[in-house]
Amino acid sequence: GYGDGVAMPLMAPPPTAMPMEQALPPTEPKLFVGGLTVGVTEQDIRAVFEPYGQVVSVTLLAPRGTKGQQCGFVFFRDMAAATAALKLSHTHRMKTTDAEPIVVRFADRGGVKRKRPV
């Protein structure tokens with residue numbers, strides 16, 4: 001028939017559909033942690049993440065705006081620990097009274113995705 005094969009179901013997207021930045025695996029065991037209650041300390045974060053592996057450092061960023069939430073970064077010694085700690089995302093609450101659980105994902109590498117066209 002006419003037009004056969006035009007509306008084929010997309011089995012796999014062509015390789016060009018994926019921007020290179022996102023296809024790259026994370027290069028360092030550094031996690032972004034969002035949705036933290038203001039007042040959470042480095043010790044609080046370590047207590048939650050250290051069961052997954054050795055935490056090298058914790059960086060807390062100042063809360064933005066009046067939403068009452070903070071974010072930070074957790075740097076693990078190895079990738080396995082960082083990957084294991086991802087399971088805290090959307091499940092763990094820093095305080096039982098928190099409305100929302102924390103968000104945990106690999107940190108953006110130097111903001112590759114936010115590159116502005118020159």
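1. Contact, as the word is used in these notes, means heavy atoms within 4.5 Å. The model is a predicted one, and the points below should be read with that in mind.

2. With that cut-off, and with residues up to four places away in sequence not counted, Phe-49 touches Leu-31, Val-33, Val-55, Val-74, Phe-76, Ala-85, Leu-88, Ile-102 and Val-104. Phe-49 is also listed, together with Leu-31, Ile-45, Phe-76 and Ile-102, among the residues with the most contacts inside the largest nonpolar core, which has 19 residues. Two or more residues of this core come from each of strand S1 (30–37), helix H2 (42–49), strand S2 (55–60), strand S3 (69–76), helix H3 (79–85) and strand S4 (103–106).

3. Which residues of H2 are buried? They are Ile-45, Val-48 and Phe-49, and because they cover an arc of only 85 degrees around the axis, they lie on the same side of H2. In general, an α-helix has 3.6 residues a turn, so residues three or four places apart point the same way. The face of H2 turned away from the buried side carries Gln-43 and Ala-47, which are exposed, while the cover over the buried residues of H2 includes S1, S2, S3, H3 and S4.

4. The four strands form an open sheet in the order S2-S3-S1-S4, with antiparallel pairing. S2 and S4 each have a single partner strand and stand at the edges, so one side of each is left without a neighbour in the sheet. On average, and with direction ignored, neighbouring strands of this sheet are turned by 20 degrees against each other.

5. Between S1 and S4, which run antiparallel, there are four bridges, and Gly-34 has Val-103 as its bridge partner in S4. H2 packs on the sheet, where it touches S1, S2, S3 and S4, and the direction of H2 makes about 135 degrees with that of S2.

6. Leaving aside neighbours within four places in sequence, Phe-75 is in contact with Glu-28, Pro-29, Lys-30, Gln-54, Val-55, Val-56 and Ser-57.

Methods:
Residues are numbered from 1 along each chain as its sequence is written. This is a predicted model: local features need pLDDT of at least 70, side-chain atom pairs count only at pLDDT 80 or more; totals for chains, interfaces and linings use all residues. Side-chain values use heavy atoms; hydrogens and water are left out. A nonpolar core is a set of buried Ala, Val, Leu, Ile, Met, Phe, Trp, Tyr and Cys residues joined through side-chain atoms within 4.5 Å. Buried means under 20% relative accessible area, exposed over 50%, partly exposed in between (1.4 Å probe, protein chains only). The arc is that of the directions from the helix axis to the C-beta atoms. Two strands pair if DSSP finds at least two bridges between them. Axes are lines fitted to C-alpha atoms, for helices over the stretch in contact, and angles run from 0 to 180 degrees between N-to-C directions.
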